There are 2 protein chains.
Amino acid sequence: MKLPTSTEWVLHCAASLAQLQSGDTASAAQLAAYYDLPAPYLAKQLQALTKAGVLAASTGPRGGFRLARPAAEITLLQIVEAVDGPARPYECREIRQQGRGALPREDCQDTCVLARKMADAHDAWRRSLAGVSLADILDEIPADAPARTRRILMG
Amino acid sequence: MKLPTSTEWVLHCAASLAQLQSGDTASAAQLAAYYDLPAPYLAKQLQALTKAGVLAASTGPRGGFRLARPAAEITLLQIVEAVDGPARPYECREIRQQGRGALPREDCQDTCVLARKMADAHDAWRRSLAGVSLADILDEIPADAPARTRRILMG
DNA sequence: CCTATCTCGGACTAAATAGATCCGCAATCT
DNA sequence: AGATTGCGGATCTATTTAGTCCGAGATAGG
């Protein structure tokens, strides 16, 4: 069970975009230089965030990315699932219905106990991430950080 | 983020072994037939569970696998991490210290806020799985299931 | 006590999936 | 009109996963 490397990238990029002034945008190239990341691949990930509705993109000169919503309305879960996909890590293939020990159909009406417990754990994970917004993240960084980020990122 | 397919296999196999009478063992071939799984590959996974201390293996005729501890002392987390490894899904590579926006060392004494939140979510997931034992699973299946399992699996 | 058989154990090979990159197209602002 | 930027597809590589094989060790029966 592993999240893509790009998860760290987009989380930091989203946090950086949350520090911009309303209306400003940052291009993929600017963000890549800011964190020293491979620009083409980062662009592809930001693209995924746009398609997920987390970021908004504007093309042309002086274009780039910005948050699609206020930072308080964007959760870490939305960002993570935008790059990793919404698929559950545990997939029940109903092996209890196969082989010599196959259970009769009437015993398989409700979902497998094991699948249910695994789903519970995944829900706990999702709830934890859904409880943290980008605004919460900004609250935990030094107060002078946004100004520094804007200066270095855009300049 | 995806768990191996074999996760479902070993969870069900462990639940089946928990239904055996004390002292009995089931071979990899028996378990594979019971669930219609590729026998050699399943053996590899059971091997991993043995190395993790969840199962105990005995070789020779009439040998096979059994639980290494009482079912109440084996959690789903131990089983899952035995096949998937203990690695955390989110790996912080400290990209905040790279590129043009690299933060000064003194600002990076404590772990990155984002890494902390991701770790919190993973802890929630682990706690959820650690709260369920094989004994809890057996409590949720029909009372006559263990006898049926023993008959079909060993017979 | 010896032998035959049955078991796990680890090394090895192939397939699939994800990671990473490149190039051409459409849209926008100067 | 030209330059700049995001968008989507096609491509290539690497890592992980899936699957197979043969050998070492132990037990049961003669």
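Reader: What makes chain B a copy that can be laid on chain A, and what rotation does that take?
Author: A rotation of 180° with 0.0 Å of shift along its axis superposes chain B on chain A, with an RMSD of 0.1 Å. As for the surface they share, 100% of the contact residues of chain B recur in chain A, so the same surface serves both copies; two residues count as in contact if their C-beta atoms, placed from the backbone, lie within 7 Å.

A word on the model: it is predicted, with local features needing pLDDT of at least 70 and side-chain atom pairs counting only at pLDDT 80 or more, while totals for chains, interfaces and linings use all residues. Residues are numbered from 1 along each chain as its sequence is written, and chains are lettered from A and ligands numbered from 1 in the order in which they are written.

Reader: How many residues of chain B are in contact with chain A?
Author: There are 42 residues of chain B in contact with 42 residues of chain A. On chain B, two or more residues each come from helix 1 (6-17), helix 2 (28-35), helix 4 (76-84), helix 5 (113-130) and helix 7 (145-154). Helices (H or I, at least four residues) and strands (E, at least two) are DSSP runs, numbered from the N terminus. Helix 5 of chain B gives the most to this side, with nine residues.

Reader: Which classes of residue make up the side of chain B that touches chain A?
Author: That side of chain B has 25 nonpolar, seven polar and ten charged residues. Here Ala, Val, Leu, Ile, Met, Phe, Trp, Tyr, Cys and Pro count as nonpolar, Asp, Glu, Lys and Arg as charged, and the others, Gly among them, as polar.

Reader: How do you know which residues surround DNA strand D?
Author: A residue is near a strand if its C-beta atom, placed from the backbone, lies within 6 Å of it. For DNA strand D there are 25 such residues, and the closest are A:Ser27, A:Ala57, B:Thr5, B:Pro40 and B:Gly60. Helix 3 of chain A supplies the largest share of this surface, four residues. The surface near DNA strand D holds eleven nonpolar, eleven polar and three charged residues.

Reader: And what surrounds DNA strand C?
Author: DNA strand C has 26 residues around it, the closest being A:Pro4, A:Pro38, A:Gly60, B:Ala57 and B:Gly63. Here the largest share, four residues, comes from helix 3 of chain B.

Reader: Why are helix 4 and helix 5 of chain B called oblique to each other?
Author: Their axes come within 6 Å and cross at roughly 120°. Helix 4 and helix 5 of chain B are therefore oblique to each other. The residues that meet are B:Leu76, B:Leu77 and B:Val80 of helix 4 and B:Arg126, B:Leu129 and B:Ala130 of helix 5.

Notes. Copies are superposed by least squares on the C-alpha atoms of residues with pLDDT of at least 70 in both. Axes are lines fitted to C-alpha atoms, for helices over the stretch in contact, and angles run from 0 to 180 degrees between N-to-C directions. Angles under 35 degrees count as roughly parallel, over 145 as roughly antiparallel, 65 to 115 as roughly perpendicular and the rest as oblique.
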